[in-house]
Amino acid sequence: MSNTSSDITGPRLYMDNAATSFPKPKAVHEAMMHFATKLGASPGRGAYAEAREAGRLMNQCRERICKLIGADTSKPQQMVFTLNTTDGLNIAIRGIIGHAIANNTTGSDKPHVITTWMDHNSVLRPFNALANSKDIEQTRIKCDPQTGLADPEDIKQAIRPNTVLIAVVHGSNVTGTVQPIAEIGKIAREQDIPFLVDAAQTIGHMPLDVEQANIDLLAFPGHKGLLGPLGTGALYIRPGIEDRMITSKEGGTGSVSEQDTQPAFMPDRFEPGSHNAIGIIGLSEGVQYILDKGIEQIWEHEQGLMRMMIEGLSEYGEMPNMTWYGPQGIKNRCGVFSVRVGGYDQPQTLSDALESRYGILTRSGIHCAPLAHQTFGTHDLGGMTRFSFGPFLSTQDVKYASDALGQICLETQAVTK
Ligand SMILES: Cc1ncc(COP(=O)(O)O)c(C=O)c1O
């Protein structure tokens with residue numbers, strides 16, 4: 001169990017890795033400190049050694065991420081750095097739809113897009129904004145109210161001749177539900193429809209292969225499972241897909257400066273403005289940490305944590321005042337575990353009790369996923385309380401959390417009897 005800064009007293013157990021991961025590997029801080037104190041230069045903006053070295057380190061980061069997700073490491077330029085997942089999703093969504101509109105690829109029909117009820121606001125809101133401005137039509141696939149799983153057959157049925165994009169969240173940040181993206185990717189590829197995956201909760205936590213799953217666009221954070229700092233993220237664009245996208249931001253790239261239009265080549269095409277070099281160089285070490293450990297081993301560890309949570313709670317027997325959501329086992333689930341406890345009808349009060357009595361840090365509410373909460377019937381109840389795991393938690397940490405939750409449930413049960 002890790003203690004955080006000295007002005008926060010008592011035990012602190014960080015279980016909000018779905019928001020951002022904490023702690024980060026030491027090598028991440030060291031690389032950032034090295035950049036801050038020894039390099040300092042803006043990559044691609046100077047013809048001196050420090051700027052070249054910063055550029056080299058950034059490209060190394062692109063290659064490392066390609067390696068992790070099964071993308072071609074000889075084409076690191078397909079890895080576009082972004083501010084976060086949301087930024088990458090917007091570049092992809094607006095890029096694909098804008099291209100379809102600009103080239104009138106859907107004829108007299110508006111471009112049509114498909115997503116699911118388990119998706120995050122970072123997909124729902126851009127789609128809604130484009131639908132409200134009458135630029136697109138959209139279909140949102142309902143998911144199973146017990147598990148949160150989308151049925152690939154429903155996605156197949158929703159495809160129309162004017163469908164230009166299918167966007168699906170890989171792992172839910174509400175229930176941990178892991179969608180069958182390989183099956184959905186197969187359907188999308190058969191119909192030649194670009195497939196965008198939001199890997200905010202899965203990259204760095206579980207194996208993810210863009211080739212096996214037929215993923216055309218993968219948006220993800222650097223600051224969660226990849227163990228980099230806040231302010232980092234990336235969008236992987238399968239080679240060739242960039243030709244079906246327009247840019248939604250343009251500006252200086254440090255390249256072809258004599259030209260007053262955006263360069264067509266990757267990654268500059270989608271990377272206007274100075275980079276968050278310090279963050280990306282830190283991120284690179286987070287990714288290397290995962291490559292060194294092995295993603296299979298990390299995934300096994302995180303599945304062990306989930307197993308411990310479920311088994312630890314089951315030691316408390318039947319707890320009629322507690323509900324936990326999503327797949328009822330470790331299958332089809334990543335390291336997110338959300339509950340509601342009767343007697344703590346506002347989920348934040350449960351988070352408060354977990355923090356004040358046990359030092360356990362969780363996140364309560366709607367988690368930017370209103371339709372996911374509607375799927376589970378918790379939208380109008382204020383949502384759920386979420387525990388989310390990461391590689392630095394131990395099974396003892398999770399046992400401590402399941403005991404804390406178990407004790408709270410038993411006490412409230414006794415009071416309300
Ligand atoms: C599933 C999912 N998608 C997208 C996002 C947005 O991520 P970011 O904050 O990196 O933009 C999150 C953040 O929690 C998420 O959980």
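Start at Arg12: with a relative accessibility of 12%, Arg12 counts as buried. Buried here is under 20% relative accessible area, exposed is over 50%, and partly exposed lies in between (1.4 Å probe, protein chains only). This is a predicted model, so local features need pLDDT of at least 70, side-chain atom pairs count only at pLDDT 80 or more, and totals for chains, interfaces and linings use all residues. Residues are numbered from 1 along each chain as its sequence is written, and side-chain values use heavy atoms, with hydrogens and water left out.

**Stop 1**

The rule for a salt bridge is a side-chain nitrogen of Lys or Arg within 4 Å of a carboxyl oxygen of Asp or Glu. Helices (H or I, at least four residues) and strands (E, at least two) are DSSP runs, numbered from the N terminus. Glu355 is partly exposed, at 36% relative accessible area. A search of the whole structure finds 17 salt bridges.

**Stop 2: helix 2**

Select Arg56 and Glu53. They form a salt bridge, with the closest N and O atoms 2.9 Å apart. The two are 3 residues apart in helix 2 (residues 49-68), so about one helical turn separates them. Arg56 is partly exposed at 43% relative accessibility; Glu53 is partly exposed at 24%.

Stay in helix 2 and pick Arg62. Its side chain meets Glu271 in a salt bridge (2.8 Å, N to O). Glu271 lies in the loop between strand 8 (233-237) and helix 7 (277-293), 209 residues apart from Arg62. Both Arg62 and Glu271 are buried. Next, show Arg189, Asp216 and Arg238: salt bridges that share partners join them into one network.

**Stop 3: helix 4**

Select residues 121-132. Buried in this helix are Asn121, Ser122, Val123, Leu124, Pro126, Phe127 and Leu130. What covers them includes helix 3 (85-102), strand 3 (112-116), strand 4 (137-141) and helix 10 (370-376). Just after helix 4, check Lys134: it takes a positive phi of about 65 degrees.

**Stop 4: His170**

His170 lies in the loop between strand 5 and helix 6 (181-190). Is His170 buried or exposed? It is buried, with a relative accessible area of 4%. Show Thr202: a polar contact of 2.7 Å joins the two side chains of His170 and Thr202. A polar contact is a pair of N or O atoms within 3.5 Å; within protein, one must be able to donate a hydrogen and the other to accept it, and residues adjacent in sequence count only if both atoms are side-chain atoms. Not counting residues up to four places away in sequence, His170 also touches others, including Val178, Ile181, Val197, Asp198 and Met206. Contact means heavy atoms within 4.5 Å.

**Stop 5: the domain interface**

Colour domain 1 (13-17 + 294-416) and domain 2 (26-293) separately. The bounds come from an automatic or database domain assignment. Across the interface, 33 residues of domain 1 are in contact with 36 residues of domain 2. The rule finds 0 salt bridges there, and 12 residue pairs in polar contact (both at pLDDT 80 or more). Finish on helix 10, which gives the most to the side of domain 1 that touches domain 2, with 7 residues.
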